Amino acid sequence: MHDVTGDLFSEEYQEEFIRVYCELFDTKAYVCGEHVWNFADFATAENSKRVQGNKKGVFTRDRRPKKAVRYLRDRWTGQTG
């Protein structure tokens with residue numbers, strides 16, 4: 001799901017959320033690693049809070065990369081983009 005303004009649950013929001021956390025990690029000398037929660041989206045009971053499952057993964061349920069994957073790849077491989 002994409003959104004021009006980066007609304008909640010969009011891929012743009014997720015990428016910015018991860019980016020802000022990583023920038024915070026970089027300011028803490030005691031942080032020595034990172035781990036993404038969750039690897040991929042997964043099915044949950046549908047309700048008003050989780051329409052069409054849980055979308056917190058950086059990959060879709062069928063393992064297609066979402067927008068945040070590019071940021072994480074570049075960060076973890078030392079590339080600039």
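Here is a short walk through the structure above, from its helices to its rings and cysteines. This is a predicted model, in which local features need pLDDT of at least 70 and side-chain atom pairs count only at pLDDT 80 or more, while totals for chains, interfaces and linings use all residues. Residues are numbered from 1 along each chain as its sequence is written, and side-chain values use heavy atoms, with hydrogens and water left out.

Helices here are DSSP runs (H or I, at least four residues), numbered from the N terminus. Rings of Phe, Tyr and Trp (its six-membered ring) pair if their centres lie within 6.5 Å; planes under 30 degrees apart count as stacked, over 60 as edge-to-face and the rest as tilted. That rule gives four aromatic pairs. Phe 17 and Tyr 21 make a tilted one, with 4.9 Å centre to centre and 40° between the planes. Ring pairs also join Tyr 13, Phe 17, Tyr 21 and Phe 25 into a cluster.

Next comes the loop between α1 (11–26) and α2 (67–77), which holds Asn 38. A cis peptide bond links Trp 37 to Asn 38, with omega about 10°. Arg 63 is also placed in the loop between α1 and α2, and its phi is near 70°, a positive value in a residue other than glycine.

What about the cysteines? Buried means under 20% relative accessible area, exposed over 50% and partly exposed in between (1.4 Å probe, protein chains only). Cys 22 is buried because its relative accessibility is 3%, whereas Cys 32, at 84%, is exposed. The structure has zero disulfides, a disulfide being a pair of cysteine sulfur atoms within 2.5 Å.

Notes. Helix = DSSP H or I, 4+ residues; strand = E, 2+ residues; numbered from the N terminus.
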